[in-house]
Amino acid sequence: MPECITIVLSLVCLMIANIIMGKKLADFRQEYNKEKLVGGISKAAFFLIGLALTYSSTLIYPMEVAEVNGQMVTTLTGATILIKAANLVYAGKVLMKIKDLLVVNVPVSSLTEINKDGEK
């Protein structure tokens, strides 16, 4: 599988994980806000659309931007670096939410609902 596809799939997975964990963290803290959830989903969607269009334009016309250490850097190289940087940003967000989920105090009412339902 080409590197660019694996990087983008990784980014999509991290974005989805970020949204899901943010939702669950807000539920546990009893701070759920539907507008914030929709905003996060639309931000991820528009980011991916913009990234896809930028990457596509570099495939159509890969301009040479600069020469670094004897190697030519193109807009395609820049787009790939941008996608990798986005992976790092979202990985950091996901790791911070995992940390927050580990230390969040779960309300007692949530625990009793889990015990009554048995499935949650």
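A residue is called buried here when its relative accessible area is under 20%, exposed when it is over 50%, and partly exposed in between (1.4 Å probe, protein chains only). The model is predicted, so local features need pLDDT of at least 70 and side-chain atom pairs count only at pLDDT 80 or more, while totals for chains, interfaces and linings use all residues. Residues are numbered from 1 along each chain as its sequence is written, and side-chain values use heavy atoms, with hydrogens and water left out.

The chain contains 4 helices and 2 strands, taken as DSSP runs numbered from the N terminus (helices: H or I, at least four residues; strands: E, at least two). Their order along the sequence is α-α-β-β-α-α. Of the 120 residues in the chain, 21% are buried.

The chain holds 5 salt bridges, each defined as a side-chain nitrogen of Lys or Arg within 4 Å of a carboxyl oxygen of Asp or Glu. In one of these, Lys 23 pairs with Asp 27, with the closest N and O atoms 2.7 Å apart. The two residues are 4 positions apart in helix H1 (residues 3–28), about one helical turn. Lys 23 is partly exposed at 30% relative accessible area, and Asp 27 is likewise partly exposed, at 24%.

Arg 29 forms a salt bridge with Asp 100, at 4.0 Å between the closest N and O atoms. Arg 29 lies in the loop between H1 and helix H2 (34–60) and Asp 100 in helix H3, so the pair ties together parts 71 residues apart in sequence. Asp 100 is buried, at 18% relative accessibility. Asp 100 also meets Lys 99 in a salt bridge (2.9 Å, N to O), and Lys 99 is partly exposed at 40%.
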